[in-house]
Each structure stands twice: as structure tokens, then as C-alpha cells.
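Hello,

Here is the structure I promised to pass on. Please look it over first; my notes follow below.

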Number of protein chains: 2
Amino acid sequence: MNDQSTDIYIPTFEDVKAARERIAPHVHRTPVLTSSTFDRMTGAELYFKCENFQKAGVFKARGASNAVFGLSDEQAARGVATHSSGNHGLALSYAAGRRGITATVVMPRTAPEAKKAAVRGYGGTVVECEPSTSAREARLEEVIAESGADFVHPYNDHRVIAGQGTCSLELHEDVGPLDAVIAPIGGGGMISGTCLTLSNIAPQTKIYAAEPEQADDVYRSFHAGRIIEDDAPQTIADGLKVSMRPRTWHFVSSYVTDVLLVSEQEIIDAMRLTWQRMKIVIEPSSAVALAAVFRNKDLFAGKRVGVIVTGGNVDLDRLPWL
Amino acid sequence: MNDQSTDIYIPTFEDVKAARERIAPHVHRTPVLTSSTFDRMTGAELYFKCENFQKAGVFKARGASNAVFGLSDEQAARGVATHSSGNHGLALSYAAGRRGITATVVMPRTAPEAKKAAVRGYGGTVVECEPSTSAREARLEEVIAESGADFVHPYNDHRVIAGQGTCSLELHEDVGPLDAVIAPIGGGGMISGTCLTLSNIAPQTKIYAAEPEQADDVYRSFHAGRIIEDDAPQTIADGLKVSMRPRTWHFVSSYVTDVLLVSEQEIIDAMRLTWQRMKIVIEPSSAVALAAVFRNKDLFAGKRVGVIVTGGNVDLDRLPWL
């Protein structure tokens, strides 16, 4: 599988431009919102790139669409497959549905029924496995061996990274040069795409990765100079529990200015405040970026800052402040 | 007070155009969003005019700003006053704050502390009264007698109606001619402004008012041909409990195609579904319009329909589906 590759292809900005053409009919060019309240609170000029309004409710529709629509007809006929208990499974199911091919998503049998139902709602097939990394990988290998499906890793895939790179391309076009861009980081797909694009078109823009203190593997990796994986982290930002892989570590180690940590309470407070003042539904992972701006006001005051709002898939029956 | 006037000034489309110039620096030109999910569910092409993103979280910032910024300096120095336990109090406080003048809002002492705090947060002064119409009007008359403040009625005011009329002007400019526009109705300020504008620039567009079954005074008035007031209606759509007054009845009786009723459960379902699929925070009153489209699919299928999302001020600690 991709994870074990040592000789890896690192996508280029040409790949981002090709991705933009390829996915344009299938994803939204999402709006950029501003908030005078948050500008006043932080002293910065904040530009919120609203990927919560993206197809499937998350930026991952970009990378998944780029992978799915880049397949030859012959490959596509065998479908796509992945492991995911979250947004990537939704996004891949969405993209595969648009192309009329099958998407198989390996999910732990212990995953919430609502998440399995959401994948099925987008047309994906859920295959359950025992809740462990080894069981997940073994089950996915079986699926691929049986079907010949193309494995689309949630982030350690050059097609996915190039697809995510289209987000900051739009942001740059819409608001012009920024002093900084901040996005939450889990496995690093969005941050890698952001690094790829901005290092080409706006190399002066600083890129910050925001991470929960309780899943601080990127912070530790960044300071150690090598990938360190978390051991079963617990955070409300459930999209950010995974660890980097070689392709994303390449970008993080080369282009990220700093990794900023936030507490669970800061995430909840930023999420609630965004719902209350901006009137948009964002998921906890998305709130991590704004929370990091609040915690590091001195770093951003007086600056023009892009904030990537990564997604809006929330269980409305279980809000973290209730 | 305005309420008792018999010889009333009905605003014209010239007033709407003047309002647009006057309020432009003080309100947002709000975005129009679409939803492929809702289009698929209804068979219509829906255009959501998102006044939940408006200043103070509600369309009423338009009318309030038009009233406040239309005052002479001499009048303005004496401030503005109103009675409101909801969004108009916020909006008037916002507009007055922008001009640097005082806004006094008479509220029942039984109103939630959170609402009083919100008015104060926008710079308004809360004056409490006993929770009855007569007490409210008496207290407001005292405030005006003492201060000489200008009374800005929440909807029975030509300046307010002209201000609300700027909303459908923007909608029309952004998406072109529509077959229908639907908005929730309480006292009728937004619907009146919509009638005023569209009867001038798009007279073929049908205008529907959506109303809770449990506060169906407009429905009954519409069919009786005269204003009928509700007696203490109970609905989750708390912005829609008030009754029409002569200026708004003029527009409703002249230009509205029909009044569509929805149940409390339909309001809650439409609100939750909007949060879930569109990722925007809307208040129960706003959901009334979408709920009416769901209930009357035959009326709207195949049509281009504008849906006015009136506001997004919700108590996030008390969601109606929890």
C-alpha cells in the first residue's frame, strides 16, 4: 500500500492546476466570509474559507474528486476503496457517486451508526472490520484483492494532496496576498495542499498548522524533525486524530512556519462562538484553527490571515457545549 | 403613536432606492446560497437570501439603519426608542450605535436575561416594564416624553418597510427574475418591503407569506379581508407572534398571492435540516419559509423560488430538537 512506499511522488503545482480543471464541475468554489466581531476580538483581518459549504460538507471532496476523476475508465470500472471512519469516507463516496462507480469504505464496526449511514447516504458501501489498525489494513487489502479497486488514501496520496491544494488557490484569487494562512492538521492533507500551492504563488505567506494539545503528534514531530505518531489520542476534534505519512511530512517539514496547540475547551469555545456570531455550522476540527488565532493574538494582530474552515459535519444531537 | 395613525404614508420604490444608498455603509450585502439537496427534495430551484449573515444577525438591521440614518442631526441627538423583546431591539441598538446615538428598548421584565444582555451588547439601553401591551406602550410613551427620542416601530413605519425592501432588490439583482419569493410573516415588515420592491421591478413574481399554524393571524386576516389579531399565540417561531398594522396590511392585502401555514414540527424539522445540510445557523422563524416550500411542493416544483432566510439569532443552549 501507499503507506509503505519509500520512493514517493511528490505532487507539483502543475498537478494542482490540473486538479482544479478536473474537479471544477464536481465541487463548489466556496465563499470567503469575514467577521467584524472576530476581527475586533483578534486585531487581525480574518478571511474564512468556508469548506463547510463544500460538497459532502468537507474540503476532502476536492482531493477525492481529483483521484476519482483522474482514473482511466478501465480503472474506474473496478471502483475505489479506502479506510475512514469520518469525512474522507463521505467525500470518496460522493465523488464515486458522481462518476457512477463504487466506493468501498472500510470502517470499524464500533463506528457510530450515523457515520455508516452517512457514507451509505452518499452511495458508498460500508465494509466493517474490528477496531484496530491491523484489522483495518487487512480488511482493506482483502477488498482491493477481490475487486481490484483503486486505493485512495485519505491524505498520503499525491492526487489527494493536489486536490486539497485547489482550496488555497481559490482563497488567494479571491482575497489577494495574505500574511498568513492557518488550517487545522490531522494527517496533513489540507496543510500539504496549502503548502504546495502557496509556496508557488505566494511564498511570502506564512503557513501555520493548528492542532489539539491532546493530539499533538505534529507538534512533537515538527520539533523532533521526524514523524512521531500519537497513540490513540482523545480529542473532540475527531478529524485530527490520525498521524502524518511521508508525503504530508515532506510538506510540513519543508514549509510550515509553526505548529500551534489549543486545549479542548478552547476548541469548544471557538466552535460555539463561530456558530453564534458567524451563523455557520462548523465541526470541532475546524474550530481548532480559529482557537489558535485567539490564543496567539500577538502573532496575528495587524495581519491579513486566511483561516481554512475545513468542514461542517456535526452530530446535531450531541453538541459539545451541552 | 404611529399605531393609531389613520392617514398614513405608504412608502414608494423611490424610498427603497434612497434607503439602499443610505444604509449601504452600515449593512451587509448578504450572499445568496443554493442547496442541491433541497432542490432535489423539492423539485424547485431555491435561492436562499441569507439575512442570518446580516448585521445583528437579522434583516431588521436594514430597516433600523434606514430610520436611524435618515434622522436629522437634531432629531438624532435625542436618540431613538422602541418596544421589542427580540430582533428589532438588537437591530435598532446596532444602528444607533453606528451613529453614536442612544437607543432605548422597552422590554418586559420577564424577557430572558440573554435577550436583555444582547441588546446591551449592541449598546442599547434596556428599560423594563410589566409584561402587558398596555404597560409596554405606557412605558414607551414615558421614555419618549422624557427624552424626545424618535419612535422606530418594528414594522409599522415607512422607513422600516423601505429599508426591508432593499433585501429583495439585492436578491433580484443577484439571481435575476424569480417565479416566486417566500418569506416568513409576523408583523409583516419583510413581506411589505418585498411587495413594495417586487411589485415595481418584477411584478410577475408571486409573493408568498409563510406562517406558523399556531400564530395564524395573517392567514385569518388574509381570508377575512381585515386585520385580525392573535391572542397570545404560542409558537417556537418567536419572531412571528406579533400582528399586522395598517402599513403592513396595505401591502399584504394588495400584493401577497397566498399565506401558507406550517406546523411546529415542520418548523423544527426544516430548521434542523437546514443546519445539517446547508451548514448555516438559522432561527426558527426563518425555517418557517422553507417548511412551507416542503409542505407545498406542487406549488413550487419546476419554479425558481427565492427564500428569505430572515435571521440567525438562536439560543445555542436550547435547541428545539433536543
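Where does A:A56 lie in chain A? A:A56 is in the loop between strand 2 (45-50) and helix 3 of chain A. Helices (H or I, at least four residues) and strands (E, at least two) are DSSP runs, numbered from the N terminus.

First, the ground rules. This is a predicted model: local features need pLDDT of at least 70, side-chain atom pairs count only at pLDDT 80 or more, and totals for chains, interfaces and linings use all residues. Residues are numbered from 1 along each chain as its sequence is written, while chains are lettered from A and ligands numbered from 1 in the order in which they are written.

Loop residues

Back to A:A56. Its phi is near 60 degrees, a positive value in a residue other than glycine. A:A56 counts as buried because it has 26 C-beta neighbours inside 10 Å. (Buried means 20 or more other C-beta atoms within 10 Å of a residue's own; exposed means 12 or fewer; partly exposed is in between; C-beta atoms are placed from the backbone.)

B:K279 also has a positive phi, near 65 degrees, and is not glycine. B:K279 sits in the loop between helix 12 (264-278) and helix 13 (284-295) of chain B. With 24 other C-beta atoms within 10 Å, B:K279 is buried.

B:F59 is in the loop between strand 2 (45-50) and helix 3 (60-69) of chain B. B:F59 is buried, with 31 other C-beta atoms within 10 Å. Leaving aside neighbours within four places in sequence, B:F59 is in contact with B:E51, B:Q54, B:Q164, B:C167, B:M190, B:T310 and B:G311. (Contact means C-beta atoms, placed from the backbone, within 7 Å.) The C-alpha atoms of B:F59 and B:A118 are separated by 16 Å, and these residues are 59 apart along the chain.

Helix packing

Two packed helices are described by the angle between their axes and the distance between the axes. Axes here are lines fitted to C-alpha atoms, for helices over the stretch in contact, and angles run from 0 to 180 degrees between N-to-C directions.

In chain A, helix 3 (residues 60-69) and helix 8 (residues 158-175) pack at about 130 degrees, with axes 7 Å apart. Helix 3 and helix 8 of chain A are therefore oblique to each other. (Under 35 degrees is roughly parallel, over 145 roughly antiparallel, 65 to 115 roughly perpendicular, and the rest oblique.) The crossing of helix 3 and helix 8 of chain A is right-handed. (A crossing is right-handed if the near helix is turned clockwise from the far one by less than a right angle, left-handed if anticlockwise.) Helix 3 of chain A contributes A:R62, A:G63, A:S65, A:N66 and A:A67 to the contact, and helix 8 of chain A contributes residues including A:R159, A:V160 and A:I161. The contact of helix 3 with helix 8 of chain A has five nonpolar, six polar and two charged residues. (Ala, Val, Leu, Ile, Met, Phe, Trp, Tyr, Cys and Pro count as nonpolar, Asp, Glu, Lys and Arg as charged, and the others, Gly among them, as polar.)

In chain B, the axes of helix 8 (residues 158-175) and helix 9 (residues 189-201) come within 7 Å and cross at roughly 55 degrees. Helix 8 and helix 9 of chain B are therefore oblique. Their crossing is right-handed. The contact of helix 8 with helix 9 of chain B has nine nonpolar, nine polar and no charged residues.

Helix 1 (residues 13-23) of chain B also meets helix 8 of chain B: the axes come within 8 Å and cross at roughly 80 degrees. Helix 1 and helix 8 of chain B are therefore roughly perpendicular.

Core and interface

The largest nonpolar core has 192 residues, of which A:I182, A:A210, A:V307, B:I182, B:A210 and B:V307 touch the most other members. (A nonpolar core is a set of buried Ala, Val, Leu, Ile, Met, Phe, Trp, Tyr and Cys residues joined through C-beta atoms within 7 Å.)

B:V259 lies in strand 9 (residues 258-262) of chain B. With 21 C-beta neighbours inside 10 Å, B:V259 is buried.

Between the chains, 14 residues of chain B are in contact with 14 residues of chain A. The chain B side divides into seven nonpolar, four polar and three charged residues.

Best wishes

Note on methods:
Two residues are in contact if their C-beta atoms, placed from the backbone, lie within 7 Å.
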